[in-house]
Amino acid sequence: MRKNTSVIVVGAGPAGLACADRLAAAGLDVLVLEAQDRVGGLCRTVSLGGATFDLGGHRFFTKDEDVRDYVFELMGDGLELRRRKSTIRLWGKDFAYPLDFKNLLFRMNPLTAIRAGVDYLWAEVRQKVAPRADVSFKDWVVNRFGRTLYEIYFGPYTRKLWGRPPSEISADWAAQRISLLNLWDVFLLLLKIKQEKPKTYATEFHYPTGGIGRMYEKLAERARAAGAEIRLDADVYEVRREGGSVVGVAFRQNGRDGFESADFVVSTAPLPRLAEMIRPSGGGDVTAAARAMAFRGLRFLNLVVSRPALTDNTWVYVPEPEYFFFRIQDLRNWSPSLCPPGKSALELEISCDAGDEKWRMSDEEVMEVCLADLAAVGLDVAADVDAYGSSFSEYSYPVYDLDYRKKLKAVLEFVWPMENLLTVGRGGLFRYNNMDHSIKMGLLAARHVARGESRDAILEIAKEQSVFEAPHKRH
Ligand SMILES: Cc1cc2nc3c(=O)[nH]c(=O)nc-3n(C[C@H](O)[C@H](O)[C@H](O)COP(=O)(O)OP(=O)(O)OC[C@H]3O[C@@H](n4cnc5c(N)ncnc54)[C@H](O)[C@@H]3O)c2cc1C
């Protein structure tokens, strides 16, 4: 083990903190630089009117025993086992999610169900006789499920979430969104086209009392106790290299520039931003590829409502384009610890790009639209709103556009070979992964730096993923 190696970790999200925690425990000299004013990254929580809001509700679940043990040991009895109940609000009706037969039978227009079934059969036959290539998300869905289902659910939801036509989104994203497909499994079962049971969803999940951010505050506390230094409001803007190795990073903190040298840098910053920060640069092609890699952002409208309870859902999908938000989180059902006594809290998730019109609207403008839309979907809370405010996350979803792989390759081929620089995490690998994957990447990065273990295993994390994991029992 290389003791006293100095390591800079860029970012105090799940990946950065897990890495810093393990490196500090191994006795290395660790400095974490975090641009935000708090730890947690996409898993941070904010407070408003006595309530606590994640940046979109975050469940903890994992298939990875290493990560499970790590998190359970960290959290002790601070994790609650919660029951999930979510619905889809469509055509003025609530569909159970995952759908169940009776619910569907009584609620779906039978003609639409028949049209969808015929379309599906046609798609099945066509795929067998003359299979079509899956280039875009649209191709992928239409090839498998037919046009009707695409038009009534998958297409509008995807366009709303991404702000782009599904024909411009890579089929890779469809392959990773297995949860949507279960919807169709149920249609098929209903129509007796398919015999086997649909995959079951986890109906329970683990959630930290006080919000997902609590998990990362605890991790930061532990890393600090082991000797790591975590500096907040420290925005890294340059990663300096000499040939194939980095020598340190420049950052801005409280209006002042600083430079810290390091033997090793582990970055969890968005990969395209990292590629642009490296000096000397990787050249015009790398910069062009990095600039063309986009992220979809989210704005959250957080509401404290002076009612003891609102719905019995944890969250509700709202796919129709006329509504401003695509999902409603009812926080009391995530954990009562998130709400002030006797009150409830709602979080409305609004998909947008950083700096666009939805991003720039004032809270009052967003409130006005959202309260009207809430009433239209059956949640008229306007008279009881105690407090409201917005939170934002710019780098929520890496955009898998049609040539994202080419751009990703160009950027990774520049960054990955640097001998003492690692890029890990969701933004760091431009990968649509969950927090457990990011924690795992952080743990593997620490093993690479502290023990010299291979770094290549990091690239294998979350290449494929499933959302069907059940929460794990404690040993
Ligand atoms: C709406 C939504 C819901 C989700 N729900 C779930 C869920 O239910 N369960 C689940 O497991 N996962 C969920 N996820 C995924 C989860 O949020 C991520 O996988 C996880 O947070 C990624 O961790 P990370 O450390 O890789 O990156 P991040 O959380 O993005 O952390 C990166 C950190 O680096 C910092 N940083 C970036 N650039 C710089 C810089 N230049 N200088 C200094 N600091 C910098 C950022 O401020 C940030 O704190 C969800 C994601 C979203 C968007």
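An oxygen atom of the ligand lies 2.8 Å from a polar backbone atom of Arg426, which falls inside the limit for a polar contact, namely a pair of N or O atoms within 3.5 Å. This is a predicted model, in which local features need pLDDT of at least 70 and side-chain atom pairs count only at pLDDT 80 or more, while totals for chains, interfaces and linings use all residues. Residues are numbered from 1 along each chain as its sequence is written, and side-chain values use heavy atoms, with hydrogens and water left out.

**Around the ligand**

- A polar backbone atom of Ala15 is 2.9 Å from an oxygen atom of the ligand, and a backbone N or O atom of Met435 also lies 2.9 Å from an oxygen atom of the ligand.
- There are 34 residues around the ligand, and those that come nearest are Glu34, His58, Arg59, Asn433 and Ser438; a residue counts as near a molecule if one of its heavy atoms lies within 4 Å of it.

**Helix 5 with helix 6**

- Helix 5 (residues 137–145) and helix 6 (residues 147–162) have axes 9 Å apart and pack at an angle of about 150°, where axes are lines fitted to C-alpha atoms over the stretch in contact and angles run from 0 to 180 degrees between N-to-C directions.
- Helices (H or I, at least four residues) and strands (E, at least two) are DSSP runs, numbered from the N terminus.
- Helix 5 and helix 6 are therefore roughly antiparallel to each other, since angles over 145 degrees count as roughly antiparallel, under 35 as roughly parallel, 65 to 115 as roughly perpendicular and the rest as oblique.
- On the side of helix 5, the contact is made by Phe137, Lys138, Val141, Val142 and Phe145, and on the side of helix 6 by Arg147, Leu149, Tyr150, Phe154 and Thr158, with contact meaning heavy atoms within 4.5 Å.
- Sorted by class, this contact of helix 5 with helix 6 has seven nonpolar, one polar and two charged residues; Ala, Val, Leu, Ile, Met, Phe, Trp, Tyr, Cys and Pro count as nonpolar, Asp, Glu, Lys and Arg as charged, and the others, Gly among them, as polar.

**Helix 4 with helix 5**

- Helix 4 (residues 110–129) and helix 5 cross at roughly 100°, and their axes come within 6 Å.
- That angle makes helix 4 roughly perpendicular to helix 5.
- Ala116, Asp119, Tyr120, Ala123, Arg126 and Gln127 of helix 4 make the contact together with Val142, Asn143, Arg144 and Phe145 of helix 5, and by class it has five nonpolar, two polar and three charged residues.

**Helix 1 with helix 9**

- The axes of helix 1 (residues 14–25) and helix 9 (residues 213–225) cross at roughly 25° and come within 9 Å, and the two helices are therefore roughly parallel to each other.
- In helix 1, Pro14, Leu17, Ala18, Ala20, Asp21, Arg22 and Ala24 meet Tyr216, Leu219, Ala220, Arg222 and Ala223 in helix 9, a contact with nine nonpolar, no polar and three charged residues.

**Backbone details in loops**

- The peptide bond from Arg279 to Pro280 is cis, with omega near -5°, and Pro280 sits in the loop between strand 14 (278–279) and helix 11 (284–291).
- Trp91, a residue other than glycine, has a positive phi near 55°, and its place is in the loop between strand 6 (86–90) and strand 7 (93–97).

Key: A polar contact is a pair of N or O atoms within 3.5 Å; within protein, one must be able to donate a hydrogen and the other to accept it, and residues adjacent in sequence count only if both atoms are side-chain atoms.
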